[in-house]
Amino acid sequence: MASLVRHLTIDCSDAYSLGQFWAAVLDSSLADDDFPGDPQALVKSPGGTLLFVTVPDAKTVKNRVHVDLQPQDRTRDEEVERVVALGATVVGDHRRPDGGGWVTLADPEGNEFCVERSAAEMAK
């Protein structure tokens, strides 16, 4: 059998805090053994597992890999509003007049991610 992706690892300055943000975005929680000040934090969700690792280097350029979110029980625009309220910032709005497109956001440490349309919106 070929290798499987175990988790997507994200370097950051505060693994616990950034893990809390992403746990809220994914309606999940941090692993039971993650605490403030820990060098790593793990968020498991049905769509995959994110591992946050504290590193001394600051983010300086655009991500080469990023997460694309697809809302399951709300629209893309509702999800963008919810995630912004959690602490994300909009860095690029690629919504089109026909309803297509996506929104690029940054988490509290500047890591970019996108919010796409929900499956229900794509079916219209």
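The side chains of K59 and E112 meet in a salt bridge, with 3.4 Å from N to O. Here a salt bridge is a side-chain nitrogen of Lys or Arg within 4 Å of a carboxyl oxygen of Asp or Glu. The pair links distant parts of the chain, 53 residues apart: K59 sits in the loop between β3 (48–54) and β4 (67–69), and E112 belongs to strand β7 (residues 112–115). Helices (H or I, at least four residues) and strands (E, at least two) are DSSP runs, numbered from the N terminus. K59 is partly exposed at 36% relative accessible area, whereas E112 counts as buried at 19%. For these words, buried means under 20% relative accessible area, exposed over 50%, and partly exposed in between, with a 1.4 Å probe and protein chains only.

A word on the source: this is a predicted model, in which local features need pLDDT of at least 70, side-chain atom pairs count only at pLDDT 80 or more, and totals for chains, interfaces and linings use all residues. Residues are numbered from 1 along each chain as its sequence is written, and side-chain values use heavy atoms, leaving out hydrogens and water.

By the salt-bridge rule, the count comes to 8. Three of them are set out here:

| Salt bridge | N to O distance | Relative accessibility |
|---|---|---|
| K59 and E112 | 3.4 Å | K59 36%, E112 19% |
| E79 and R82 | 2.8 Å | E79 5%, R82 23% |
| R95 and D93 | 2.6 Å | R95 32%, D93 45% |

Within helix α2 (residues 76–86), E79 and R82 are 3 residues apart, a separation of about one helical turn. E79 counts as buried, while R82 is partly exposed.

Now to the rings. A search of the whole structure finds 2 aromatic pairs. The rings of F21 and W22 have centres 5.6 Å apart and planes at 90°, so this pair is edge-to-face. Rings of Phe, Tyr and Trp (its six-membered ring) pair if their centres lie within 6.5 Å; planes under 30 degrees apart count as stacked, over 60 as edge-to-face and the rest as tilted. W22 also pairs edge-to-face with F113, at 4.7 Å centre to centre and 70° between the planes. W22 lies in helix α1 (residues 15–25) and F113 in strand β7, so this pair ties together parts that are 91 residues apart in sequence. Both F21 and W22 are buried, and F113 is buried as well. Together, ring pairs link F21, W22 and F113 into a cluster.
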